[in-house]
There are 4 protein chains.
Amino acid sequence: MNLKFRAQDVRGIFNIMPTPATENAARWDCEDSVDYEESARIVNMLIDNHVDAILTNGTFGEGASLTETEWRKFNQTVISTANGRVPVFSGATTLNTRDTISRSREMMAMGATGLFLGRPMWQEMDEDAIIGFYSDIAEALPDAPIIVYDNPEAFKGKLTPKMYGRLAKIPNIVASKYISVGPQYLADVEAAGDNIVIMPLDSDWYFAWKWAPKKAPAIWTGSGNCGMAPLLALKHAIEVGDDALARTITFEIRDAYKTLFPRGNFHEFSIYNVQLEKTRFNASGLVKVGPSRPPYNRISEDIAQGAVIAGQKYAALQKKYAGN
Amino acid sequence: MNLKFRAQDVRGIFNIMPTPATENAARWDCEDSVDYEESARIVNMLIDNHVDAILTNGTFGEGASLTETEWRKFNQTVISTANGRVPVFSGATTLNTRDTISRSREMMAMGATGLFLGRPMWQEMDEDAIIGFYSDIAEALPDAPIIVYDNPEAFKGKLTPKMYGRLAKIPNIVASKYISVGPQYLADVEAAGDNIVIMPLDSDWYFAWKWAPKKAPAIWTGSGNCGMAPLLALKHAIEVGDDALARTITFEIRDAYKTLFPRGNFHEFSIYNVQLEKTRFNASGLVKVGPSRPPYNRISEDIAQGAVIAGQKYAALQKKYAGN
Amino acid sequence: MNLKFRAQDVRGIFNIMPTPATENAARWDCEDSVDYEESARIVNMLIDNHVDAILTNGTFGEGASLTETEWRKFNQTVISTANGRVPVFSGATTLNTRDTISRSREMMAMGATGLFLGRPMWQEMDEDAIIGFYSDIAEALPDAPIIVYDNPEAFKGKLTPKMYGRLAKIPNIVASKYISVGPQYLADVEAAGDNIVIMPLDSDWYFAWKWAPKKAPAIWTGSGNCGMAPLLALKHAIEVGDDALARTITFEIRDAYKTLFPRGNFHEFSIYNVQLEKTRFNASGLVKVGPSRPPYNRISEDIAQGAVIAGQKYAALQKKYAGN
Amino acid sequence: MNLKFRAQDVRGIFNIMPTPATENAARWDCEDSVDYEESARIVNMLIDNHVDAILTNGTFGEGASLTETEWRKFNQTVISTANGRVPVFSGATTLNTRDTISRSREMMAMGATGLFLGRPMWQEMDEDAIIGFYSDIAEALPDAPIIVYDNPEAFKGKLTPKMYGRLAKIPNIVASKYISVGPQYLADVEAAGDNIVIMPLDSDWYFAWKWAPKKAPAIWTGSGNCGMAPLLALKHAIEVGDDALARTITFEIRDAYKTLFPRGNFHEFSIYNVQLEKTRFNASGLVKVGPSRPPYNRISEDIAQGAVIAGQKYAALQKKYAGN
């Protein structure tokens with residue numbers, strides 16, 4: 001095995017891209033729903049503003065609702081636009097092992113740095129099934145670095161410390177997109193050891209760093225799509241150890257997030273994850289990601305309104321930290 | 001709209017087929033995992049033994065873990081073998097609306113009687129999303145009869161009476177595969193009205209019939225794969241109103257099921273649904289459905305053992321009612 | 001052991017009384033909150049209208065929120081008013097085994113026929129704890145017939161078939177107040193055998209009877225406080241085997257209940273059980289049960305409104321079946 | 001109002017006492033189950049070893065399973081032994097508002113510094129009910145400082161930031177026994193403001209302090225019953241800002257806790273909270289708290305074993321930090 005990207009390379013801001021959509025993308029009869037031009041423009045915008053890595057096709061990246069053809073062309077656009085300037089981890093979560101393997105092979109052949117992989121979710125998976133799934137992928141793609149995507153709502157359960165301990169023995173796995181820094185975080189970090197970097201969300205970075213300073217070199221976020229400036233300021237503050245500034249920015253980011261979660265609730269958010277994040281991105285003003293694709297194309301006005309406010313609040317932060 | 005199969009045609013035993021697998025089907029590098037010969041043989045066996053309809057590719061029918069090519073060839077085999085002798089409802093549940101539409105169109109063009117459709121499950125769907133999803137399918141395939149597949153574990157939530165009321169206004173929807181006859185059943189039946197036949201599981205048929213005699217003309221089952229005889233005997237007893245006999249057979253079937261559910265628990269069962277049902281079918285001795293496909297290819301010996309016993313117990317019933 | 005009331009005596013309508021309250025009973029500084037006169041009047045009304053047994057101090061009977069003195073005087077009133085005309089089962093659910101035993105002894109000495117006992121609910125109890133609890137009570141009161149009160153929301157979990165099997169070996173236990181006739185009902189009935197009568201709610205009686213005709217001789221209800229007539233009509237219809245009439249009355253009763261459950265949800269109902277039932281009883285017009293006692297003395301207008309409608313609808317049924 | 005103990009007085013180690021039991025305390029026929037001598041000895045031991053405050057009768061303090069007489073005499077013993085040397089907060093959680101008020105008045109008259117109060121738990125309480133409950137208590141006892149006891153398993157739900165905001169307006173409430181420092185912690189702290197000190201568990205102190213240094217002046221614990229030395233060392237390390245030492249001690253304490261939670265699970269722990277904590281205390285060797293009282297007097301050997309190990313591990317820490 002000869003991984004070109006390892007756990008020690010997981011540093012900084014790993015931003016997940018949305019998949020920009022054409023105007024008619026919410027319709028069932030839309031045939032090619034991707035706005036490729038805007039896709040390329042976002043990649044360039046992220047790189048020009050010092051993103052550390054780009055991920056595609058998680059939940060709000062609509063891994064679930066693109067056709068296979070769209071998915072292929074979209075990732076091709078991202079990979080070729082990035083053109084090696086930053087690592088690209090392509091999302092290839094599907095309903096089963098073999099489809100994920102064949103899609104993963106395509107992505108690696110196309111030049112992706114690595115893979116961003118959630119697990120199949122028709123059946124909830126127990127520990128052996130989860131480890132078996134990632135082991136199969138690793139066996140099929142021995143040279144592909146993998147970022148594990150854990151999302152308890154999407155994939156019916158949260159990885160446990162014991163699972164992290166077993167995943168850490170699969171050499172391909174370099175990082176994990178993590179859901180929230182709470183009671184289980186330290187046990188997960190301990191179990192993951194040096195082989196897997198657990199990446200918290202932007203608004204949890206400071207708190208993870210306070211608890212385990214050496215274990216929080218990187219985060220995942222979608223906020224970069226609303227502007228990289230606050231994230232860069234936070235990253236810098238943490239790197240130089242400016243506790244007060246890191247704390248201030250963190251509370252600003254948390255304040256901007258507040259209305260994104262209906263009734264302050266992650267479960268509720270998960271019912272509208274795609275719709276809410278795309279609404280937030282559009283409201284921030286930097287990107288035009290279009291409507292959500294079916295079946296996740298419906299949302300009530302009042303729930304969407306929280307995402308609009310979140311986008312506008314973040315835009316204000318972006319203005320503040322971009323210095324313009 | 002010109003449906004060839006309507007709610008009033010939903011009568012009798014709707015058996016869901018497994019997708020027979022080759023010996024190496026549990027491996028990630030298996031390329032064509034379907035045993036087409038056995039698939040055809042099972043279709044013939046079911047028809048010869050008076051099944052009323054055949055459904056494919058629900059959960060244990062491995063809708064999730066077939067490649068698209070396998071799924072196409074398998075359904076082609078089923079449809080062409082059935083050759084119009086009984087209705088065939090092809091499963092086309094995918095991760096999104098457009099994939100389900102394109103697969104559904106293929107199936108209808110191939111000669112399927114109708115569709116057997118669960119909903120996308122990456123995000124939990126709210127009422128509007130569920131109704132919107134089925135409405136989109138119906139708009140795209142105005143001539144396709146649809147059996148709704150409701151499975152609270154697989155699809156993250158149970159349909160409510162209010163949803164049944166709205167689904168009943170979509171003319172394509174003729175039936176619903178129902179999970180368990182309990183407190184909500186009568187409200188669902190009332191909401192569904194005459195437009196949707198709510199189909200309980202074989203072991204609940206008698207109980208649904210006792211509660212609402214005119215509303216229980218049909219069931220879904222996988223037990224037909226272990227032998228049609230007990231089901232035919234039950235069907236006959238209910239048709240002629242032989243309460244005592246229907247009750248006796250029902251308790252025999254329930255007894256055979258008992259060990260299929262780990263700790264008597266549906267949630268636990270759902271973590272191993274595919275593995276358990278395929279194990280049961282194999283243990284019954286009438287079919288050779290092979291191993292389960294990844295990622296649902298792992299199960300502990302002791303949990304599997306309950307399914308073996310369930311299959312053996314059903315086989316004894318089959319022997320008793322087949323009179324041989 | 002010499003039980004004066006056995007499982008075979010559990011027949012008919014077991015109505016749970018509310019604990020009528022004085023006008024200031026919702027205040028924390030109320031010292032004697034019981035309206036004893038109305039309490040006696042309700043006992044007489046129930047007996048005059050052919051109730052089969054009276055139970056006190058479950059959830060809506062405010063077993064939780066009476067002071068010990070009030071509880072004692074209230075039960076004294078009920079027992080002495082009944083004066084042997086119908087069996088009285090006194091509620092003595094407390095936070096622990098010894099308090100329940102000492103209260104139970106008081107009640108039996110006072111002339112109660114038996115006890116109506118939920119389990120302590122500070123900690124959720126596992127199987128051994130539940131069986132141990134009832135065994136201790138039985139050992140302490142060998143001559144006291146016990147009706148087990150199972151309420152999954154109040155007592156943090158539902159009795160399982162296995163527990164019923166073990167409870168059935170404790171001779172004192174003669175019946176169980178049961179929550180809802182669904183998938184687990186038949187297994188519970190089977191496990192309970194002939195030693196414990198599982199009593200469904202009034203609106204489930206017909207359905208329990210259809211499933212297990214010999215196993216449904218009795219029900220529990222609070223509806224008797226709104227009028228015994230519909231219940232007597234239902235009882236008669238079931239006794240003479242008039243299926244159509246029993247079904248009609250059942251659907252009328254279910255229709256009357258409909259708005260009692262906020263959003264159709266038992267969990268939600270349980271947050272306001274006391275308040276909702278007392279509101280329903282008051283709205284029915286036959287009894288004056290006053291306000292709810294603290295801390296269960298608050299409820300929003302719109303949730304309470306559903307209970308008002310439920311009471312009014314039942315009152316109409318009462319009028320219809322009382323023939324006046 | 002004239003509170004003698006205010007939020008600003010909440011500093012240091014608030015240790016919850018068990019209620020030592022006589023040898024026959026697990027039996028239903030035990031009449032006075034309290035070991036008063038050991039109770040007094042533990043109070044002295046805690047004070048001699050610099051505990052900052054003593055709390056009684058939460059969950060493992062068997063607030064639920066003492067008779068009222070035992071509860072009175074036990075608190076009398078604790079209060080008179082403490083004799084003003086440290087504040088004593090007496091537990092008076094009952095099934096309703098009025099019982100809690102009358103018990104609270106007794107305790108204050110007896111010389112308790114304040115009250116340690118969970119909420120009634122027969123019905124789950126919504127926001128208005130919870131605020132109403134504590135408001136009623138505060139109105140009845142205007143001079144009594146109150147520590148709110150929040151325990152999501154015992155009291156069916158976790159306090160929300162919005163509730164903390166409303167509780168903070170009730171002047172009597174000075175602190176809250178908090179369950180776990182996770183995603184909601186900072187919002188709770190912010191909502192509680194300066195009026196309520198949110199007290200984490202000992203093993204979370206360091207982490208709360210890292211996140212909100214000025215908001216973590218005090219903790220609750222039962223570990224003091226196994227020895228005060230590690231807690232004093234931790235307290236000192238945090239006071240002088242010795243991050244590395246505080247961290248080391250914290251991880252030692254966490255390691256000692258590890259086996260206390262069956263399958264690492266708080267829900268599971270809650271089913272045996274009393275039994276597990278008393279087993280841990282006994283195993284630590286410093287106290288003799290006897291068996292658990294019914295109905296919480298049963299536990300399987302293997303689950304109890306985890307608590308024995310936890311007690312032994314803590315004893316080793318005590319030895320290390322006590323320097324003997």
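Me: Where in chain C does C:Gln275 sit?

Reply: In this predicted model, C:Gln275 lies in helix H11 of chain C, which covers residues 273–284.

Me: Which residues is C:Gln275 in contact with, leaving aside its neighbours within four places in sequence?

Reply: From its own chain there are C:Ser292, C:Tyr296, C:Asn297, C:Arg298 and C:Ile299, and from chain D there is D:Gln123. With D:Gln123 the link is a polar contact between the two side chains, at 3.4 Å.

Me: That takes us across to chain D. How many residues of chain D are in contact with chain C?

Reply: Chain D brings 55 residues, and they touch 55 residues of chain C. Between them the two chains bury about 4,500 Å², with 55% of that area on carbon and sulfur atoms.

Me: Which residues of chain D lose the most area to chain C?

Reply: Look for D:Trp28, D:Arg98 and D:Trp122, which together account for 24% of what the chain D side buries.

Me: Which helices of chain D each supply at least two residues to the side that touches chain C?

Reply: Trace helix H2 (68–82), helix H3 (97–110), helix H4 (127–140), helix H10 (266–271) and helix H11 (273–284) of chain D. H4(D) gives the most, with 7 residues. Sorted by class, this side of chain D has 22 nonpolar, 17 polar and 16 charged residues.

Me: Now for chains A and B. What rotation superposes chain A on chain B?

Reply: The general idea is that two copies of a chain are related by a rotation about an axis and a shift along it. Here the rotation is 180 degrees, the shift along the axis is 0.0 Å, and the RMSD is 0.0 Å. The two copies are therefore related as by a two-fold rotation axis.

Me: And what percentage of the interface residues of chain A are also interface residues in chain B?

Reply: It is 100%, so these copies meet through the same surface.

Terms used. Residues numbered from 1 in each chain as written. Chains lettered and ligands numbered in written order. Predicted model: local features only at pLDDT ≥ 70, side-chain atom pairs only at ≥ 80, totals over all residues. Heavy atoms only, no water. Least-squares fit on C-alpha atoms with pLDDT ≥ 70 in both. Contact = heavy atoms within 4.5 Å. Buried area = accessible area lost by both parts, 1.4 Å probe. Helix = DSSP H or I, 4+ residues; strand = E, 2+ residues; numbered from the N terminus. Nonpolar A, V, L, I, M, F, W, Y, C, P; charged D, E, K, R; others polar. Polar contact = N/O pair within 3.5 Å; in protein donor to acceptor, adjacent residues only side chain to side chain.
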